[in-house]
Amino acid sequence: METETRIESVQKSETRNGNKRWVVKDSDDREYTTFRPTIGREAAKYEGRRAHIEFHEDERNGFTNVYLDRITESSGPPEGGSSETDPD
């Protein structure tokens, strides 16, 4: 799945068994998790900015986990901007 969203925060933590985990929270309060350092570091670059993200969901034991697969620059208009080019 894919979406364009504003990245509100990126939190890095360590799991009980010593793995690193990044939790990305967007402007709609959705959370995406990754254990991949390259994706986590890239996500941190977009904190406070719009980004295009690719993710997948995985249901385990009645819980739905949302995993961040890729994050890139947003292809939409800049925040606060407009796609119109006519200055009126």
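A residue is called buried when its relative accessible area is under 20%, exposed when it is over 50%, and partly exposed in between, using a 1.4 Å probe and protein chains only. By that rule, buried residues make up 28% of the 88 residues in the protein chain. The model is predicted: local features need pLDDT of at least 70, side-chain atom pairs count only at pLDDT 80 or more, and totals for chains, interfaces and linings use all residues. Residues are numbered from 1 along each chain as its sequence is written, and side-chain values use heavy atoms, with hydrogens and water left out.

**View 1. The whole chain, element by element.**
Welcome to the overview: the protein chain has 1 helix and 5 strands, arranged from the N terminus on as β-β-β-α-β-β. These elements are DSSP runs numbered from the N terminus, with helices being H or I of at least four residues and strands being E of at least two. The accessible surface comes to about 6,300 Å², of which 41% belongs to carbon and sulfur atoms; such areas come from the Shrake-Rupley method with a 1.4 Å probe, and for residues only the protein chains shown count as cover. Contact here means heavy atoms within 4.5 Å. Among contacts between residues at least 6 apart in sequence, 44% join residues at least 24 apart.

**View 2. Strand 1 and its two partners.**
Two strands are said to pair if DSSP finds at least two bridges between them. Strand 1 (residues 2-14) is joined to strand 2 by 7 bridges, and the two run antiparallel. They form a hairpin with 5 residues between them, and Gly18 in the turn has a positive phi of about 95 degrees. Strand 1 also pairs with strand 4 in the antiparallel sense, over 5 bridges; here Arg6 stands opposite Arg50 in strand 4.

Zooming in on strand 1, we find Ser9, which stands opposite Lys25 in strand 2. Ser9 counts as buried because its relative accessibility is 18%. Not counting residues up to four places away in sequence, Ser9 touches Val23, Val24, Lys25 and Glu47.

**View 3. The largest nonpolar core.**
In soluble globular proteins, nonpolar side chains tend to be buried together. A nonpolar core is a set of buried Ala, Val, Leu, Ile, Met, Phe, Trp, Tyr and Cys residues joined through side-chain atoms within 4.5 Å. The largest one in this model has 14 residues, and Ile7, Val24, Tyr32, Ile53, Leu68 and Ile71 have the most contacts inside it. Strand 1, strand 2 (20-26), helix 1 (37-45), strand 4 (50-60) and strand 5 (63-73) each supply at least two residues of this core. Leaving aside neighbours within four places in sequence, Leu68 is in contact with Val24, Tyr32, Thr33, Thr34, Ile39, Ala43, Ile53, Glu54 and Phe55.

Which residues of helix 1 are buried? They are Ile39, Gly40 and Ala43. These residues lie on the same side of helix 1 because they cover an arc of only 100 degrees around the axis, the arc being that of the directions from the helix axis to the C-beta atoms. They pack against strand 1, strand 2, strand 3 (31-34) and strand 5. The face turned away from the buried side carries the exposed residues Thr38 and Lys45. With a relative accessibility of 54%, Lys45 counts as exposed.

**View 4. The hairpin of strand 4 and strand 5.**
Strand 4 and strand 5 pair in the antiparallel sense over 10 bridges, and Ala51 has Glu73 in strand 5 as its bridge partner. The two strands form a hairpin with 2 residues between them. Asn61 sits in the loop between these strands and counts as exposed, at 77% relative accessibility.

Most residues other than glycine have a negative phi, and most peptide bonds are trans. Asn61 has a positive phi of about 50 degrees although it is not a glycine. Asp29 is another residue other than glycine with a positive phi, near 65 degrees. The place of Asp29 is the loop between strand 2 and strand 3, where its 59% relative accessibility makes it exposed.
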